[in-house]
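Please look through the sequence and the structure shown here before reading on. The report that follows takes up the sheet, the domains, the surroundings of a ligand and a set of annotated positions.

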Amino acid sequence: MIPVYTPEQFVEAFISRKTKKQAFEDGVMSTVKEVLENIRNNGEKALKEYTLKFDGGIPENWEVSEEERKKAWEQVPDELIEALKKAADNIRKFHSKQLQQSRMMEMTDDIISGQLFRPIDRVGVYVPGGTAVYPSSVLMNAIPAVLAGVREIVMATPARGGESITPILSVAADIAGVHKIYKIGGSQAIAALAYGTEEIEPVDKIVGPGNAYVAAAKSLVFGDVGIEMIAGPSEVAIIADETANPKFVAADLIAQAEHDEKARAFIFSTSERLVEETLVEVKRQCAELPRREIAEVSLMNEGAAVVVNSIDEAFRLVNELAPEHLEIQVENALQYLSKVKNAGSVFIGSFTPEPVGDYFAGPNHILPTSGTARFSSGLSVDDFVKKTTFVYYSEEALRNAAPYIEKIATEEQLDGHARAVKVRLEQ
Ligand SMILES: NC(=O)c1ccc[n+]([C@@H]2O[C@H](COP(=O)([O-])OP(=O)(O)OC[C@H]3O[C@@H](n4cnc5c(N)ncnc54)[C@H](O)[C@@H]3O)[C@@H](O)[C@H]2O)c1
Ligand SMILES: N[C@H](CO)Cc1c[nH]c[nH+]1
Ligand SMILES: [Zn+2]
């Protein structure tokens, strides 16, 4: 069910910028533009209209009440709470290493410069909830924001038919440290967070994954608010040699494919036998899967199996592809880490399937997709921090620097700039 490509065909179909599909379909873009404009101009009235239209009901209150949040703890099994707490500990531990202190540098005796690190004040985190429930994404979104010191973290997630949200999301929000939860989804949630309504205060930055409507909305509000990235459907690229286990490889391809019909799962192997056995395994394992239809459509339309001549060729293709997730299932896999140039997150060896990272290991699972790992990185504490530079010059220091500054200012024909220096040194 996964089509087989030659390396050249793969490049043409999945990497070439000329053949790359546009990010969002026209229909999605036009719907989202209308939603954003209407909510920006008409606030609550428009937010209710779209929530009813796209999510089938309007909740009594947008915000999940304290009582609902408390009750949620009674509705979630203890073992699930324990699993989430353990995952949260790992995520906290990993992300706490990303924290940076403001720094001051004495360049000379009379020149000081440095950087202030300040948390963003209000952040909106989007947690998808259309076709699956993602408590793990609550943790991944919010824990780095808490560590960065964000004053208020508000979470938005859809509530089907105007009901409350699934209790596990509320529990995960408490574990992570989310301050407010809104029962709003899709592009209407992004509009409400970006522009505010009579009942919802706007935020400074919106982070988190979502479907095409959410992603398109984030791309359009960027500038009015910050965003971390536009995360598209999930992706995995697996590099496997003849020592890899086809059962494991097939399971990992399916694990991404089951997210979304548009998810992309690729295998690059030096072994024709492994590819053949993996394809058979994929068919067998898909048959047992509750989300089988989604996975099958994804693997058939967006998947690829490529037989390569060497592991080096596999890395060349993968580095051009810049996938969200890369699995290396080859002999002595750790040794190949140095060959990775572009990837959101890497999973090394046969016993590190990608779901280890989705749920538990600690690194973030909100990662760049669609080739954007060429120039961007996964969500981190940095996304919630602003870095403000500062400088201090004494009179003596300015006197020493003046000729250089004046020279460049004059070249730029900005005499006012030159004068701002000169005027201080004239007395
Ligand atoms: N990168 C990550 O870390 C990560 C994590 C979890 C999920 N995901 C991805 O997030 C996506 C989740 O998508 P989802 O749909 O399940 O949830 P979602 O919450 O992103 O989207 C659902 C919302 O979309 C809106 N919507 C649906 N159809 C619409 C239409 N025709 N017009 C306008 N609005 C419409 C509705 O308001 C609905 O509430 C998947 O692609 C999944 O792979 C990514
Ligand atoms: N694999 C997804 C990121 O692409 C994250 C996720 C959440 N839950 C399961 N998986
Ligand atoms: Zn996943």
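## Strand pairing

In which sense do strand β4 and strand β5 pair, and over how many bridges? In this predicted model, strand β4, formed by residues 122-126, and strand β5, formed by residues 152-156, pair in the parallel sense over five bridges. Within this pairing, Gly 124 has Val 154 of β5 as its bridge partner.

The two strands belong to an open sheet of five strands, which run in the order β6-β5-β4-β7-β8 with parallel pairing. Because β6 (180-182) and β8 (226-227) stand at the edges and each has a single partner strand, one side of each is left without a neighbour in the sheet. In general, strands of a sheet pair through backbone hydrogen bonds, either parallel or antiparallel.

## Domains

The domain assignment divides the protein chain into domain 1 (4-20 + 233-362), domain 2 (26-100 + 120-227) and domain 3 (394-425). Taken over C-alpha atoms, the centres of domain 2 and domain 3 are separated by 49 Å.

## The shell around ligand 2

Around ligand 2 stand Tyr 134, Ser 136, Ser 137, Ser 234, Glu 324, Asp 358 and His 365, a shell that divides into one nonpolar, four polar and two charged residues. Both domain 1 (4-20 + 233-362) and domain 2 (26-100 + 120-227) contribute to this shell, each with at least three residues.

Asp 358, one of the residues around ligand 2, is found in helix α13, which covers residues 354-359. Asp 358 counts as buried because it has 20 C-beta neighbours inside 10 Å, and 20 or more is the requirement for that class.

## Annotated positions

An unreviewed UniProt entry lists Ser 234, Gln 256, His 259, His 325, Asp 358, Glu 412 and His 417 under "binding site". These positions span 184 residues in sequence, and the farthest two C-alpha atoms are 55.4 Å apart, so the positions do not all gather at one spot.

Glu 412 lies in the loop between α14 (395-411) and α15 (415-425), whereas Asp 358 is found in helix α13.

Key
Residues are numbered from 1 along each chain as its sequence is written. Chains are lettered from A and ligands numbered from 1 in the order in which they are written. This is a predicted model: local features need pLDDT of at least 70, side-chain atom pairs count only at pLDDT 80 or more; totals for chains, interfaces and linings use all residues. A residue is near a molecule or strand if its C-beta atom, placed from the backbone, lies within 6 Å of it. Ala, Val, Leu, Ile, Met, Phe, Trp, Tyr, Cys and Pro count as nonpolar, Asp, Glu, Lys and Arg as charged, and the others, Gly among them, as polar. Domain bounds come from an automatic or database domain assignment. Two strands pair if DSSP finds at least two bridges between them. Helices (H or I, at least four residues) and strands (E, at least two) are DSSP runs, numbered from the N terminus. UniProt positions are given in the numbering used here, feature names are shortened, and annotations may be inferred rather than shown by experiment. A residue is buried if 20 or more other C-beta atoms lie within 10 Å of its own, exposed if 12 or fewer, and partly exposed in between; C-beta atoms are placed from the backbone.
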